[in-house]
Amino acid sequence: MRILFLGDVVGQTGCDAIKKDLPKIIKEESIDFTIVNGENAAVEGVGITQNIVEEFLTCGVDVITSGNHIWNQKETHEFIIEQPRLLRPLNMDNSLPGKGFTIIKSKTGLKVCVLNIMGNVFMKKSNDMFITLKSFLSDKSLKNDYDCLIVDVHGEITSEKMAVGHFLDGKASLVVGTHTHVPTNDARILSKGTGYMTDAGMCGDYDSVIGMDKQNPIHSFTKGFRSEGRFVPATGEIKICGSYIEIDDKTGFSRKIQPFQI
C-alpha cells in the first residue's frame with residue numbers, strides 16, 4: 001500500500017495548491033491513501049473551516065489531522081462532531097468534541113487507522129502523550145484491529161517526537177511529526193519496522209517565516225513586538241512537502257519511506 005502524508009497546509013495558497021495538484025499526484029504516484037495536516041489551512045493561517053475540509057476530501061484526501069490550532073475557527077467545534085475524517089489530538093481533554101483517531105478503508109480495501117497526538121513540551125496543555133498512547137495500544141493492535149497504523153505527532157521538540165517513534169516502533173506502521181513547518185532529513189525505518197520522519201514540513205510558501213509573511217515576524221524578533229496585530233500567510237510559490245511511504249500489506253510495517261517534495 002502506498003501512503004502519502006503531507007505536512008501542515010498553510011493559508012489560502014496552500015489550499016489552492018492541494019486542490020490543484022493533489023488529484024494529479026495521487027494518480028501519477030498510484031497513491032492508495034492520503035493524510036494531510038490541515039490545522040493551518042484557514043485563510044488566516046490558523047485553524048480549518050468546514051468548507052476547506054470538504055474541498056480536501058473531494059480532491060482525494062482520506063483523513064485530515066490537526067494540532068494546537070484546531071479550535072481557532074469557532075465553527076470547528078460544531079462540524080467536527082459529524083466529520084470522522086477530521087481529527088483533533090487524542091490527548092486533548094476528553095470533554096472536547098471530535099475524535100483523536102479513525103479507521104478508514106484504503107482504495108485496496110485495507111483498514112487504515114490514523115491517530116493524531118500532540119506533544120507536551122512547549123505546546124498547549126494536553127494529557128500525557130505517552131500515557132494516552134499506552135492506553136490506546138492496550139485496547140487496539142496492528143493486524144488485529146487495523147492493517148496499518150499511522151500516527152501524526154504534532155509537536156515542537158524533535159527529541160520528544162523521536163521518543164514517540166521509538167516508543168511505537170513495532171506497534172505502528174508510520175510515525176510522522178508535524179507543527180514546525182520545516183522538513184527534516186531523517187526519514188528512515190526503525191529497527192522493528194516502523195517508518196519514521198521527525199517533521200514532514202509544510203505545504204506553503206518557503207520564502208517566509210514558517211509559512212508567514214516575513215516582515216511581521218522579523219519585526220517581532222528585532223523590535224520585541226509585532227508591527228501588526230497578527231501574522232499573515234505568505235502568498236508566494238508553494239512547495240508541497242511530506243512523506244511517501246510503502247507499507248507491506250501482510251505485516252503492516254514500512255518497506256520504504258522518503259521525503260516527498262514538489
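Here are a few notes on one proline and on the salt bridges in this structure.

1. Before anything else, keep in mind that this is a predicted model: local features need pLDDT of at least 70 and side-chain atom pairs count only at pLDDT 80 or more, while totals for chains, interfaces and linings use all residues. Numbering starts from 1 along each chain as its sequence is written, and side-chain values use heavy atoms, with hydrogens and water left out.

2. Let's start with Pro217, which sits in helix α6 (residues 215–223); helices here are DSSP runs of H or I with at least four residues, strands are runs of E with at least two, and both are numbered from the N terminus. Is Pro217 buried or exposed? Pro217 counts as buried, because its relative accessibility is 2% and buried means under 20% relative accessible area (exposed is over 50%, partly exposed in between, with a 1.4 Å probe and protein chains only).

3. Who are the neighbours of Pro217? Leaving aside residues up to four places away in sequence, Pro217 touches Val209, Met212 and Phe231, where contact means heavy atoms within 4.5 Å.

4. On to the charged pairs. How many salt bridges are there? The count comes to 8, taking a salt bridge as a side-chain nitrogen of Lys or Arg within 4 Å of a carboxyl oxygen of Asp or Glu.

5. One of them joins Asp147 and Lys143, at 3.5 Å from N to O. Asp147 is buried, with a relative accessible area of 18%, whereas Lys143 is partly exposed at 33%.

6. Have a look at Lys161 and Asp199 too, a salt bridge whose closest N and O atoms are 2.8 Å apart. Lys161 belongs to helix α5 (residues 158–167) and Asp199 to the loop between β10 (195–197) and β11 (202–205), so this pair ties together parts that are 38 residues apart in sequence. Both partners are buried: Lys161 has 3% relative accessibility and Asp199 has 1%.

7. Within it, the side chains of Asp16 and Lys19 meet at 3.6 Å, N to O. These two both lie in helix α1 (residues 11–28), 3 residues apart, which is about one turn of the helix. Asp16 is partly exposed at 36% relative accessible area, and Lys19 is partly exposed at 29%.
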